[in-house]
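This report goes through selected features of the structure shown below. Each heading takes up one topic.

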There are 2 protein chains.
Amino acid sequence: MTRLFNEPDDFLDELTEGLIAASGRWVRGVPGGVVRSTRSPEPQVAVVVGGGSGHYPAFAGLVGPGLAHGAAMGNLFASPSTQRAHSVAKAANEGRGVLFTFGNYAGDVLNFAAAEEQLRAEGIDCRTVLVTDDIWSAPVDEISKRRGIAGDLTVFKIAGAAAEEGADLDEVERIARHANDRTRSFGVAFDGCTLPGKSEPLFTVPAGRMAVGLGIHGEPGIDETAVPTAAALAELFVSRLLEEVPAGVEKQGARVVPILNGLGSVKYEELFVVYRTVDKLLKEAGLVVVDPEVGEFCTSFDMAGCSLTLLWLDEDLERLWTAPADTPAFRRGSVTAREQVSVSETEAAAEKTYGQASAESQESAGRIAALLGSAAGSIDSAADELGRLDAVAGDGDHGIGMQRGIKAGAAAARSAAEAGAGAGSVLIEAGDAWSDQGGGTSGVIWGRMLQAFGKSLGDEKPVDAAAVVAAASEARDVVMGFGKATVGDKTMIDAVVPFVDTLAADVQSGLSLSEAWGHAAQVADQAARDTAQLVAKLGRARSHGERSVGTPDPGAVSFALIATTVAGELS
Amino acid sequence: MTRLFNEPDDFLDELTEGLIAASGRWVRGVPGGVVRSTRSPEPQVAVVVGGGSGHYPAFAGLVGPGLAHGAAMGNLFASPSTQRAHSVAKAANEGRGVLFTFGNYAGDVLNFAAAEEQLRAEGIDCRTVLVTDDIWSAPVDEISKRRGIAGDLTVFKIAGAAAEEGADLDEVERIARHANDRTRSFGVAFDGCTLPGKSEPLFTVPAGRMAVGLGIHGEPGIDETAVPTAAALAELFVSRLLEEVPAGVEKQGARVVPILNGLGSVKYEELFVVYRTVDKLLKEAGLVVVDPEVGEFCTSFDMAGCSLTLLWLDEDLERLWTAPADTPAFRRGSVTAREQVSVSETEAAAEKTYGQASAESQESAGRIAALLGSAAGSIDSAADELGRLDAVAGDGDHGIGMQRGIKAGAAAARSAAEAGAGAGSVLIEAGDAWSDQGGGTSGVIWGRMLQAFGKSLGDEKPVDAAAVVAAASEARDVVMGFGKATVGDKTMIDAVVPFVDTLAADVQSGLSLSEAWGHAAQVADQAARDTAQLVAKLGRARSHGERSVGTPDPGAVSFALIATTVAGELS
């Protein structure tokens, strides 16, 4: 369990400060994460990695010459927000474009995609290569749906080394994609981890048992067995990984890099005992082992587990894998000394000002801020349960992400309302803050929803039933366009659509806003219960969770909770 | 807990094989541990480190250019045997002498001292610098009694860097001693670890509590508190360490290297949150922070704990600390490429032959081997209890060390007896094997005792009561001369001396050997009970365990157990 923290809410900021203080030889802090503190001899394509925190040395520990140029750091097990990914990319950019590369998780995909869009709009060429090495997270015919785990390292390293050689963005993208195509990982777990300030572990594995294929955030695996011997585990790893030789590789005589990764509390000596057999089996299978790594490269706090990754080399990949690198947590060969850049001062946040608002809209703004505060309270109480629900099928970050996001959103709304903003501006501010602080899938979706809602309301007109229906419809359209899910996909949409439909129909038929909202909330609640049941069934079936874009399963549950809380306040 | 292993007895050999397979770029295996796989450009003083296994990257992970030249690897939490330390030093030696440096634990001190003696006899100059950084293991006026914990790293690094610069043995010894004088550490723990194949943890800390000053093998600390916040822990670390500024250091403006070390399952993010405050407090105290390290440098499997080390620099120490190094687990700066040495074949063990033995002595030899086998069975059953007893005041390795040692000793005795060796040779063989396989304090002491016993008996004369009394007296004299303890020091001597006295007196007064042995065993057993009571009292008082040479507290208990088992067989 995680024992050492101050305020759990400050954990990300404080770990970032500590990391920067400890690692100034390699990194410096920028809003949203870290970038190199050293200057490249010649401008390079910037390789920007990132993801949730709690996986050190992924991601900030891999920033430095020969590896990544920057890391966008999300909250614990939650993707960085769009703002964070954008900010880090801007700071890392050396004028030759940006490659985003990160593990394939819904929240990361949404946020980095939005940041990519923004960078392109600003004239910075940007590409994305997802890491999809986890063989158990989707079958081989849906390989692009697979999650990224410890194979992050090979893709990041290859991309970083190519950038270091001076390759252009096309080539860095191509070789990173090629490295991902040549990388496969197989993970197991023996026990979960407990996030800072939480009393319950995010997930558990029964004592004496091993979850096969379990993800680094507790995403369900495909099987559970008794804990095997070290040799039997090595056999399991190697035999399965050798069944899936990437296209274009001749197995006999192939050169491979094995990476045996400990997730936190499976320690070095145990890993070496396992590696002893891995090495033997790979050689017996006629492979040539090149520059292996045994250690901790992608952890999940003190989760008990490990994974074996194979990178199937060709000439280019071998040259790039063995090229020098110098980062806080991964060093190899000799990197020529680099000039340190002077740390630029972070710009002081400008005083916020808001446009003209009507007195009526200002009054509604105060009311909206108060409603968001109440909703934040409900989410706060339910956060652990939401996290557990998410851990059944996803990465367990939904509870903590919602909690941070709505808290930040409510605080921003309150400040804006106190500063005299109208209803629309208050909601836009809340959406910005939610997206930035909440991160993950829920952060970006709720951010977009509130912004659309606010934009529709504006700061002038009265916030009446018709205006609310129009704004809610806008918000629904935005989230459906963005997340690409429809009703029945077991996402938030399953609650949002009937909610908005009911709200609109009831207002149309003459009910008051509070009556209509109350009814709509009941409908949403029923949809959420259906989702929760499906999630529970999914957990029982222990099928491996599909994690395509737009399927953050407990989204309907938290939406209904917020809708119901607001209904209670309105009635 | 440790989950991944095959046969627990094979753990050390298998982890060593895996480590060598994974780390061939830096190390190669030799009997007893590893040495560099690279050739020095010019011959250097060989810095040989070592200790029990279970602390990776200490010790084998720190072998490579700019750091150690070899690591003698003992069994889990048990010192390497004399034979192992000697073998690694011989292989690491580049013709300019050997510096042994390791943490100050009784077993390591005894075994490395014996190896040093042997090296000198062979014409290889050898020195020893003990690491004594753990401020809670003895008061400042008994500073040389302190244990070595994560501060190992600074001493090893400074010594290795000096050797790399071409310094001679006098200078490498001097600077290593100086580095140790300038190094202080403070450790805490939240939970213990369970060794491979054991069902019980070596020690525990109550949930929600923090043991202050607890050693890396569970040696008792000085206090127990509630788990503090990360900031409060940083404050505790820094305030106490700043109270003990080494002689000759002007605190204001001093340059220090902080090393925040995780012991296994206190993970990187938590360490960074703690480090954030450490960094701030050091700077507030007017110190200059140089090249800090935050990570895992000396672990204890998945023990939950961490420590802060401060190395107080001067110009030489700073130059040596920041010099390049390239080892499996610690890299810094740029090391010029080194030629790999070809791995020499390990010589096949020569077929053992024994001198002429009388038929009578051969018969006794078989009987002695059988007695050792029975005693091994008793120790095997009691091993967990002996380990727990040792963990009260020591490092908890007594049970596992005795178990492995006597098992190996009994097996060697049986082989020798079957090959026709006489009683003396059988005991000498048993002693060799015990010392080599048991390691630790008990291994070296029992090895010496059996060898003395065997030498006295010889292979010709009958093994009668008089011969046994003479041999037992020899064995007693050797162990007293070697361990430098006397009756009343709460060591094995407390049981050995009355045992031999009683045996001698009873035989003198005409009792049979079996009667006399039975009586002597009773006397030894009483002495052992007294020791065990004192140990228990020590545990209750939670005073910090004195760990000077020759005080392996449960030694009397295991001695009495063996004596009593033999008495049962003889009667």
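This is a predicted model: local features need pLDDT of at least 70, side-chain atom pairs count only at pLDDT 80 or more; totals for chains, interfaces and linings use all residues.

Over all chains, the structure holds 68 salt bridges. Side chains of opposite charge can pair when their charged atoms come close.

The size of an interface is often given as the accessible area lost when the parts come together. Here chain A and chain B bury about 4700 Å² between them, and 59% of that area is on carbon and sulfur atoms. In chain A, the residues that lose the most area to chain B are Arg3(A), Leu4(A) and Glu269(A). Together they account for 17% of what that side buries. The contact draws 54 residues from chain A and 54 residues from chain B.

Between chain A and chain B there are 10 salt bridges. A salt bridge also joins the side chains of Lys267(B) and Glu296(A), at 2.6 Å from N to O. Residue pairs in polar contact between chain A and chain B number 30, counting pairs with both residues at pLDDT 80 or more. Several elements of chain A give two or more residues to the side that touches chain B, among them helix H1 (11-22), helix H6 (230-243), helix H7 (268-284) and strand E13 (304-312). H7(A) gives the most, with 9 residues. By class, this side of chain A has 27 nonpolar, 11 polar and 16 charged residues.

## Packing of helices H10 and H11

Two packed helices are described by the angle between their axes and the distance between the axes. For helix H10 (residues 398-418) and helix H11 (residues 423-438), both of chain A, the angle is about 145° and the axes are 7 Å apart. The crossing of H10(A) and H11(A) is right-handed.

On the H10(A) side, the residues in contact include Gly401(A), Gly405(A), Ala408(A), Gly409(A) and Ala412(A). On the H11(A) side they include Val426(A), Ala430(A), Ala433(A) and Trp434(A). The residues of this contact divide into 11 nonpolar, 5 polar and 2 charged.

## Backbone features in loops

Pro57(A) lies in the loop between strand E3 (46-53) and strand E4 (70-76) of chain A. A cis peptide bond also joins Ala58(A) and Phe59(A), where omega is about 10°. Phe59(A) is placed in the loop between E3 and E4 of chain A.

Asp291(A) has a phi near 40°, a positive value in a residue other than glycine. Asp291(A) is found in the loop between strand E11 (288-289) and E12 of chain A.

Conventions. Residues are numbered from 1 along each chain as its sequence is written. Chains are lettered from A and ligands numbered from 1 in the order in which they are written. Side-chain values use heavy atoms; hydrogens and water are left out. Axes are lines fitted to C-alpha atoms, for helices over the stretch in contact, and angles run from 0 to 180 degrees between N-to-C directions. Helices (H or I, at least four residues) and strands (E, at least two) are DSSP runs, numbered from the N terminus. A crossing is left-handed if the near helix is turned anticlockwise from the far one by less than a right angle, and right-handed if clockwise. Contact means heavy atoms within 4.5 Å. Ala, Val, Leu, Ile, Met, Phe, Trp, Tyr, Cys and Pro count as nonpolar, Asp, Glu, Lys and Arg as charged, and the others, Gly among them, as polar. Buried area is the accessible area (1.4 Å probe) that two parts lose on being put together, summed over both. A salt bridge is a side-chain nitrogen of Lys or Arg within 4 Å of a carboxyl oxygen of Asp or Glu. A polar contact is a pair of N or O atoms within 3.5 Å; within protein, one must be able to donate a hydrogen and the other to accept it, and residues adjacent in sequence count only if both atoms are side-chain atoms.
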